[in-house]
Amino acid sequence: MEAVTEQTERVALRVVGLLVIVGFASSVVLWTIDTSLASGESLFAVYLSIDLIAFAMISYVYRVTKTGDSIGRVPLLAGCILLLLLLAAGFAV
Amino acid sequence: MSEQEEEKAQSGYDPSEEAPTHERALAKVVHWFDARLGLSYEMLRPAPTYSVNPFYWLGALAVVAFAIQGVTGAIMMIYYIPTPLQAYSSTLFIFKNVSYGRFLETVHLYTAYAMIMLAFMHMMRNYFVSTNKKPRELMWITGMVMGFVTLGFGFTGYLLPWTVVSKSATDVGIGMMAALPQPLSGFIQFLIVGGGTDSGTILRFYDLHVVVLPGVLLLLLVGKMYMLEAHGVSEPVAGPIPLPEKKRRLIPIFPDLTIYLLELAAMFGAAMLLISLAFPLNLAPEYTPTLAAQYASQPDWYFLWIYQILKISLFEGPGLTVALGLVSVVFVALVLLPFLDRGTTRRIASRMRWVTIGLIFVGEVAVLTVWGYVTPGAIIPAEQAALVLGATAIIIALVSAGAYKVIFRKMPVGTLSSGAQSPASPAAPYATRSFNTASLWTATTFVVLLTLGTFGISGSINGAVQLISQGTRLPILQSLSLSLAEIAVAVAGTVYLLYRLDLGTGSIKRRVKAFEVGWKQ
């Protein structure tokens, strides 16, 4: 059990690195959106959501690690899947 | 340390000290308010780990929704013109010409809906876990007033686009207010309608929506936050087993709890953005009296349950005042809940009566809302209403009784004043005996009495309305007397049964020998 928790923590810390990149990239996309285009509205909503979810996940890992609790695999996995879906939607829009 | 000693240590007030009578009376009043408002308490104390739970922060999420509305509303204010001639065209301009205008309006609307829903969930959660008990009575009342202000936001904001749907619905609301008794009716009419012209009404609604109500809400919010700081979050009421030490550990407000709240806010914001993207708002046609005649007036979903009550045939004409009186009684009872539910325990297992009443309230509101949505503009026959609402109450009461029988039968009961923090007394009687005594026949009799009461209430209302509209006539008086007798029998029987039930659970405080005929320990 201990080994699983440690493994989750190691994975979580790597995921945080990726999330920081995702958050930064989505912020860049938000600055480059052409507001005069109709599709800009959808891009804005999708990438702002990505930014917010990435922020929430980074905060979650930071908070849980700081308080010494174990990181939940389910919220982490669910968040990653949601982000992937939104990124795919962002490309599709 | 006893409760009194604890309060004394916090406030420095000792009622036993020698002092003149008037000073002691004043000190008592100051102490009562200090114990509830926390004027002398230490601020920004660490919070327990068990408060890292979304159910503890439903109110905070409603505040986040309010903040989003503030930002989106401020942007819309740049373009919006509050006159009957330009309200719709300026809204349409935001929709079509302003970048992300439609999205902005959609987010504004959905966060308003979320705010109302979160406020309702926050209220009901606090009702079920009974956080309104001492010393949080004023927090509950402040929260209730904030809830009314939130509904006020919905009511005033709905008119502003000046669509045929919003104007017709608001006219219905204003018409309902005219049926209220004087001087309340006159005051509300003056406050929101003014001279009665369309331009006066929309300007007042706009003023209330963007200046008065946000100001009032912010003031109340500051007060409520202050009281929350003073009393801390309420302890959980999960059961008789004390919480593990890990859950009771204190964490600092900053950064730990702040980060958690930011997580919640970020997820809520993302959800609102995605919902707004998936279901964009469509603007209804502009209001014209001709077009309004073709639409069935219907308020927005959060007022539908009240509107559905007013649509019951019983309340047509002079009965409208009776219906509004009934709705007002519900609201007043909710505000005064801390003074009605005087029991010392917060545990759900020991509060079957209040939990069942709460469940019936939620059930009736849900049924009336859905029913109102599917029957726009239709008058509901009184018998049908009595059947649907009575059946809802009966079914929920049955389910609740059954759930209590199954879930809490092995749990120790007693009067724990502070939820799970206090370990159960080893001498506490076990609920198994109580639910053996208050077995199926008790639940069945209770249901019969509830049915009798429902018919009695609807019959009494019918009789009262007929008395008002047709004058004093013998058949009406006979029918009214019969209905009142039904209510009396139902109330007396219910009190008796509840007493026997409390006798079974061992939570009875004042024994009445006459009620205990045939009772065996």
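In which loop of chain B is Pro135(B) found? Pro135(B) sits in the loop between α5 (101-128) and α6 of chain B, where helices are DSSP runs of H or I at least four residues long and strands are runs of E at least two long, both numbered from the N terminus. The bond that joins Lys134(B) and Pro135(B) is a cis peptide bond, with omega about 10 degrees.

This is a predicted model, in which local features need pLDDT of at least 70 and side-chain atom pairs count only at pLDDT 80 or more, while totals for chains, interfaces and linings use all residues. Residues are numbered from 1 along each chain as its sequence is written, while chains are lettered from A and ligands numbered from 1 in the order in which they are written.

Chain A has three helices and zero strands, and its elements run α-α-α from the N terminus on. Along the principal axes, the C-alpha atoms of chain A fill a box of roughly 55 × 20 × 15 Å. Of the 93 residues in chain A, 31% are buried; a residue is buried if 20 or more other C-beta atoms, placed from the backbone, lie within 10 Å of its own, exposed if 12 or fewer do, and partly exposed in between.

The two chains meet through 18 residues of chain A and 17 residues of chain B, with contact defined as C-beta atoms, placed from the backbone, within 7 Å. The side of chain A that touches chain B has nine nonpolar, six polar and three charged residues. Here Ala, Val, Leu, Ile, Met, Phe, Trp, Tyr, Cys and Pro count as nonpolar, Asp, Glu, Lys and Arg as charged, and the others, Gly among them, as polar.

What lies inside? The largest nonpolar core has 90 residues, of which Ile53(A), Ala54(A), Ala65(B) and Met115(B) touch the most other members; such a core is a set of buried Ala, Val, Leu, Ile, Met, Phe, Trp, Tyr and Cys residues joined through C-beta atoms within 7 Å. Helix α2 (residues 39-67) of chain A gives the most to this core, with 16 residues. At least three residues come from each of domain 2 (49-297) and domain 3 (348-412 + 429-516) of chain B, with domain bounds taken from an automatic or database domain assignment. Beyond its neighbours within four places in sequence, Ile53(A) is in contact with residues of both chains, including Leu82(A), Leu83(A), Met267(B) and Ala270(B).

Two loop residues of chain B deserve a look. Tyr100(B), in the loop between α4 (87-96) and α5 of chain B, has a positive phi of about 60 degrees although it is not a glycine. Tyr100(B) counts as partly exposed because it has 18 C-beta neighbours inside 10 Å. Trp162(B), in the loop between α6 and α7 of chain B, also is not a glycine and has a positive phi of about 60 degrees. Trp162(B) is buried because 24 other C-beta atoms lie within 10 Å.

Helix α7 (residues 164-178) of chain B comes next. In α7(B), the buried residues include Val164(B), Val165(B) and Ala169(B), and the buried residues of α7(B) pack against α6 (137-159) and α12 (289-294) of chain B.
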